[in-house]
Amino acid sequence: MRIGVLTAGGDCPGLNAVIRSVVHRAVAGHDDEVIGFEDGFKGLLDGHYRPLDLNAVSGILPRGGTILGSARLERDRLREAAENCAALTAKYGIDALIPIGGEGTLTAARMLSDAGMPVVGVPKTIDNDINGTDRTFGFDTAVGVATEAIDRLKTTAESHQRVMVVEVMGRHAGWIALESGMAGGAHGICLPERPFEVDSLVKMVEERFARGKKFAVICVAEGARPAEGTMPYEKGVIDQFGHERFTGIGTRLAVELEARLGKEARPVILGHVQRGGTPTAYDRVLATRFGWHAVEAAHAGQFGKMTALRGTSIRMVPLAEGVTELKTVPESRMYEAESVF
Ligand code: F6P
């Protein structure tokens, strides 16, 4: 079998672990050939690819980023790929394509699959918001980075009697904010799933100061927004790929809290630090399992599906299940954001 692999969309710790696992399982396990397309679907369309053998993936397991490069693709170029599916499959002589990516990539994978390409998807995102899988690799690493930041911010906040507002990634889903906020013991957690009340945050900080704890750390997801009319807020702008870019809720909230509390507040935007660097052991293991199962699925002819973690097992689920809606923090877990543990 000849397998093509690519990484598309925003990068994520664990991508290289998947590539390595695909190559190991395919080459060593099945005597397959693997080629890697560069910069996502662009490489597939423009003919940029290279053979991947065992040596090509040696030493990449702990490396962040992706050795293949990653990129987002404009919608009309995606349509171009779907319209030329048969020709592209024949051009590269591939029997299976394994695209590794988030919602946008899996949507593209579904388009290509519907158009007749033999596709097995692998979900990735630090945001953990892909439906159909309990977890995506990269999430554990991002939560670890954000948790460490909260730990560190607490000591400087305490020294200066300040309120620190740490903004973490999560456009539509607040999983990173929720779990790093819990793990780091943030005193307030704001998620995109439910508008937050500035008054409650002010009250919480005042109560802490009144009982002698003269600092606070608030963890806010980039996509969180205040309840209507409670503080100045501007919606994000939509970029050329249809993604909403936010204008800094962490900074706005820090300014608002400083004004209302009469105490110093500082914003800290973690940004892409959460996406870079070496993956945790958990993410390496999940990524490796996904890669292995993707190759097995290709050999079993299970196309139009993606790997997914269900409980402790890896299952194949339809790509449609992964892309029809985002997995946001459910109501049943909102109490975790409201409580200070
Ligand atoms: O991977 C998802 C994500 O991390 C979002 O949380 C964030 O908004 C986005 O990527 C930013 O991506 P980029 O800056 O690469 O466009």
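Analyst: Let's start with Asp127, which touches Met169, Gly170, Ala173, Trp175 and Ile176, leaving out residues up to four places away in sequence. Keep in mind that this is a predicted model. Asp127 sits in the loop between strand 5 (120-123) and helix 6 (139-160). It counts as buried because 31 C-beta neighbours fall inside 10 Å, and the cut-off for buried is 20 or more. UniProt, in an unreviewed entry, puts the feature "active site" at Asp127.

Asp127 is also one of the residues around the ligand; the others are Gly10, Gly102, Thr125, Ile126, Met169, Gly170, Arg171, Glu222 and Arg275. Sorted by class, that shell has two nonpolar, four polar and four charged residues.

Now step along to Asn128, which is in the loop between strand 5 and helix 6. Its phi is positive, about 60 degrees, although Asn128 is not a glycine. Most residues other than glycine have a negative phi. Asn128 is buried too, since 25 other C-beta atoms lie within 10 Å. Asp39 has a positive phi as well, about 55 degrees, and it isn't a glycine either. You'll find Asp39 in the loop between strand 2 (33-37) and helix 2 (41-46), and it is buried because 20 other C-beta atoms lie within 10 Å.

Gly102 lies in the loop between strand 4 (96-101) and helix 5 (103-114). With 23 C-beta neighbours inside 10 Å, it counts as buried. Its contacts, again not counting residues up to four places away in sequence, are Gly9, Gly10, Lys124, Thr125 and Ile130.

Another glycine to look at is Gly14, in the loop between strand 1 (2-7) and helix 1 (15-30). It is buried, with 33 other C-beta atoms within 10 Å. Leaving aside neighbours within four places in sequence, Gly14 is in contact with residues including Lys124, Phe137, Gly138 and Pro279. Lys124 turns up among the contacts of Gly102 too.

Four strands form an open sheet in the order 7-8-6-11, with parallel pairing. Strand 7 (188-190) and strand 11 (265-269) are at the edges with a single partner strand each, so one side of each has no neighbour in the sheet. From one strand to the next, the twist averages 20 degrees. Strand 6 (residues 163-168) and strand 8 (residues 216-221) run parallel and are joined by six bridges; Met164 stands opposite Val217 in strand 8. Helix 8 (residues 198-210) lies across strand 6, strand 7 and strand 8, at about 160 degrees to strand 8.

Definitions and conventions. Residues numbered from 1 in each chain as written. Predicted model: local features only at pLDDT ≥ 70, side-chain atom pairs only at ≥ 80, totals over all residues. Pairing = 2+ DSSP bridges. Helix = DSSP H or I, 4+ residues; strand = E, 2+ residues; numbered from the N terminus. Axes fitted to C-alpha atoms, helices over the stretch in contact; angles between N-to-C directions. Contact = placed C-beta atoms within 7 Å. Near = placed C-beta within 6 Å. Nonpolar A, V, L, I, M, F, W, Y, C, P; charged D, E, K, R; others polar. UniProt positions renumbered as here; feature names shortened; annotations may be inferred. Buried ≥ 20, exposed ≤ 12 C-beta atoms within 10 Å, placed from the backbone.
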